Amino acid sequence: METVWFILVAFMLVCYVVLDGFDIGSGIVHYLIGKNGSERATVIRAIGPIWDGNEVWLIAAGGTLYFAFPALYSSAFSGFYLPLIMVLWLLILRAAGIELRHQLDNEMWHEFWDFVFCLASSLLAIFYGAALGNVIRGVPLDETGYFFEPLFTHWGVTGDTGILDWFTLLCGIVAFVALAVHGANWQALKTEGEINKRSRRIVSKGWYLLVVVTALSLIAVLNVRPVILDNYSAYPVGWLIPIAVFASLIAIKYFNAKGIEKQAFLASTAYLGSMLGGAVFGLYPNVLPALDPNYSLTVHNAKAGNYGMSVGLIWWVFGMMIVIGYFFFLFRTFKGKVTAASHE
Amino acid sequence: MEANTLDRIQFAFTITYHYLFPQLTMGLAPLIVIFKSLAIWKNDERWNEAARFWGKIFGITFLFGVVTGIPMEFQFGTNWAAFSKYAGGVIGQTLAMEGVFAFFLESAFIGLFLFGEKRLGRRLHWVTAFLLFVGTWTSGWFIIATNAWMQHPVGYEIAADGSAHLTSFRALVFNEWAIYQYLHNMGGAFVTGAFAVASLGAFYVLSKKQVEYGKLFLKAGVIAACVGSIWMLFPSGDWKGQLVTKYQPVTLAAMEGLFDTTEGAPLVLIGQPDMEKQRLDNAIHIPKMLSFLSYQHWEARVRGLNEFPKDQHPDNVPLLYYSYHIMVGLGTIFIAIMVAAVFWLWRGWLYSSNWLLWIVMLAFPLPFIANTAGWLTAELGRQPWLVYGLMRTEHGHSPLVSSGNVLFTLIGFFGMYTILSLLYIFLILRRIEHGESELGAAEIKEAY
């Protein structure tokens, strides 16, 4: 049962990263593809009606994590205290950037919120990447099941670690680049004209960077946490995941060059999904590895009661079917390209 | 200050601030459905205009509710880790269900409601408004069920590792406490929405800028506010009071400022609790009324604070006492204002009675205060417990998060929310000003 919930929570988090990822990515490339106020308005309109629904995946995944693995929720959230509260502030700023911009027809107002949107999105990407980096590296859990990390200490991956070190920062950069490409793919799909051209060019150029940082991060992971390969040797089917990462990278480049925007977007979706899937596969049964492996939180010692997990499965499956219905309906209603003409 | 105290201040501050927004959206949502229904039923486009106007205010308020709401879920883990480890397996259920069943619904339909009117047509647009109402009120249910478990824990057992495990899903979701708290709370939200509509109507009539819609808002607002205000006192307030009497008798004593056990206890209207001398100063009261309200019997014995061990007393009796009295006092005033307004409306005097319009206009902040005071009563009344009778508040905070770190984020929240407040007020004032020219212009916004 705990393994089922491990997979379901991971599924929800992947949904969050893939969906809100293109909102965040749009924020990162905001200035690169929108060269003036009205173009930037178009960039925002391409995520306008759906970003909020995408963000709900974070809240729903958080709630699900909370009831399925309460010990993990309390340990991780209190241990990552400062960065998580900062993520909250950034989410507030990001939402304000998207939603308040169009409230006023004033250039200075637009300029201000454009900047807020771009900055908050960029930092969010780095924070999320660094958070995942912390989970992969392991945290200084002790026998009480808690830990606390300052934002940074000596930038090393052992001993008295901080949230940010060379490794987690690298993970942050990977997230930043990956979401930028993902966001640009979304913008290419949803826009036409100059913005579309620029978006595609960013995917095309950003791709090289993405390949480099992906390779670097894989090498780094093997150095920082070599045991991540244990599951791969135990279940060789797992090797399909790095193959999927590789294939999706190729696909991004291929479909981008061909100008098939939808497939290119699906390819970056597959990239994000397989990168996260690879981490999740390697972590199991750990949910929060400790630097001292004796204190690691696993699906077994962090789970809630069996009755709660069983009854949760019933409403979760029922609820998710409805949710998928909403998203199908929402994406269909707002499908097609947003045009500059329909503005104002 | 200790970390625990700062954790409490931060949670109290962020939740109080957050709830200013949902109470307005939950209050406006059913009113917007009523407006949309009237538009179809009476074939009167003016009600659609009203729905559009309040829909925009709903939209802005909804956004502020969302962004200040996410910190609430996070803080269970960041600041209250020990509590979460203990209770997460139980209350995590309702929190997760809120996300899955309410937030997705709201987020999917808010965009369609705000920007899809032309695309969807009349009836489908009504459906989006209705689903938004369902979403906001479902969200209210799950969060109150979560709180109800902390007030009156049911359907759990304590497992070998010391944490609470769920044993009955039905008991958790249909907790007796949740049912009455919900009925009372949603009434309170409805009052906030109705007062806002009536108040703006009064402003438009008094300022003679948009008299036609002002009258429309007034009519809908005062009738709704009158119904809602009466509901808050009876039956929902009465039910809630009996629940507290039954399950939290020490809280009842503190709320009422009753130090000594009394037969035929009076209901205190005003007075100051003196904790040092253990008495109520300058009390003005109605004899025997408290006994009657609590036990339906004039001579009933009501237990005073001193009958309970000191370590079970709520830790801030005067603040609890004042919160409760402010809530009840304002609630009484609401009934007086709105019964008068409805009577004046019925006689056809309301629109020309400037003195009454001024009162209705200036009253809009009062329901926010009353709802806040009501929640302060509930939460201070739960003290010293985090989970009533099971876990004390002092044992619930994150053990390794230092006070310095909490103070840092508390100051950050102060700053962030100050900016949000300014933005909100600025945007709402602008909407009100725009309403003067937009209302009746039949302009439908289709995109950002």
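Let me begin with one loop position: A:Gly156 sits in the loop of chain A that runs between helix H7 (107–137) and helix H8 (166–190), where helices are DSSP runs of H or I with at least four residues, strands are runs of E with at least two, and both are numbered from the N terminus. A:Gly156 counts as exposed because it has 12 C-beta neighbours inside 10 Å; the scheme calls a residue exposed with 12 or fewer other C-beta atoms within 10 Å of its own, buried with 20 or more, and partly exposed in between, with C-beta atoms placed from the backbone. The C-alpha atom of A:Gly156 is separated by 44 Å from that of A:Glu194, which is 38 residues away along the chain.

Before going on, a word on conventions. This is a predicted model, in which local features need pLDDT of at least 70 and side-chain atom pairs count only at pLDDT 80 or more, while totals for chains, interfaces and linings use all residues. Residues are numbered from 1 along each chain as its sequence is written, and chains are lettered from A and ligands numbered from 1 in the order in which they are written.

Chain A contains 13 helices and 2 strands, and its C-alpha atoms fill a box of roughly 60 × 40 × 40 Å along the principal axes. Its radius of gyration is 20 Å, which agrees with the value near 20 Å that a compact globule of 344 residues would have; this radius is taken over C-alpha atoms, and the globule rule is 2.2 Å times the number of residues to the power 0.38. Of those 344 residues, 56% are buried. In chain A, 76% of the contacts with a separation of 6 or more are between residues 24 or more positions apart, a contact being two residues whose C-beta atoms, placed from the backbone, lie within 7 Å.

Chain B has 14 helices and 8 strands. Its radius of gyration is 23 Å, close to the 22 Å that the globule rule gives for 448 residues, so chain B is as compact as a globular protein of that length. The C-alpha box of chain B is roughly 65 × 50 × 40 Å along the principal axes, and 54% of its 448 residues count as buried. For chain B, 74% of the contacts with a separation of 6 or more come from residues 24 or more positions apart.

How do the chains meet? Here 54 residues of chain B are in contact with 52 residues of chain A. On the side of chain B that touches chain A, the largest share, 24 residues, comes from H3(B). That side of chain B has 32 nonpolar, 18 polar and 4 charged residues, where Ala, Val, Leu, Ile, Met, Phe, Trp, Tyr, Cys and Pro count as nonpolar, Asp, Glu, Lys and Arg as charged, and the others, Gly among them, as polar.

Helix H13 (residues 306–333) of chain A packs with H3(B) at an angle of about 10°, their axes lying 10 Å apart, the axes being lines fitted to C-alpha atoms over the stretch in contact and the angles running from 0 to 180 degrees between N-to-C directions. That makes H13(A) roughly parallel to H3(B), since angles under 35 degrees count as roughly parallel, over 145 as roughly antiparallel, 65 to 115 as roughly perpendicular and the rest as oblique. Among the residues making the contact are A:Gly312, A:Trp315 and A:Trp316 of H13(A), and B:Met97, B:Phe101 and B:Phe104 of H3(B). By class, the residues of this contact are 12 nonpolar, 6 polar and no charged.

Finally, some backbone details. A cis peptide bond joins A:Tyr284 and A:Pro285, with omega about 0°, and A:Pro285 lies in the loop between helix H12 (261–283) and strand S1 (286–288) of chain A. Another cis peptide bond joins B:Phe234 and B:Pro235, with omega about 5°, and B:Pro235 is in the loop between helix H7 (211–233) and helix H8 (236–247) of chain B.

Which phi does B:Gln278 have, although it is not a glycine? The phi of B:Gln278 is positive, about 55°, and this residue is in the loop between strand S4 (267–274) and strand S5 (279–286) of chain B. B:Gln296, also not a glycine, has a positive phi of about 60°, and with 9 C-beta neighbours inside 10 Å B:Gln296 counts as exposed.
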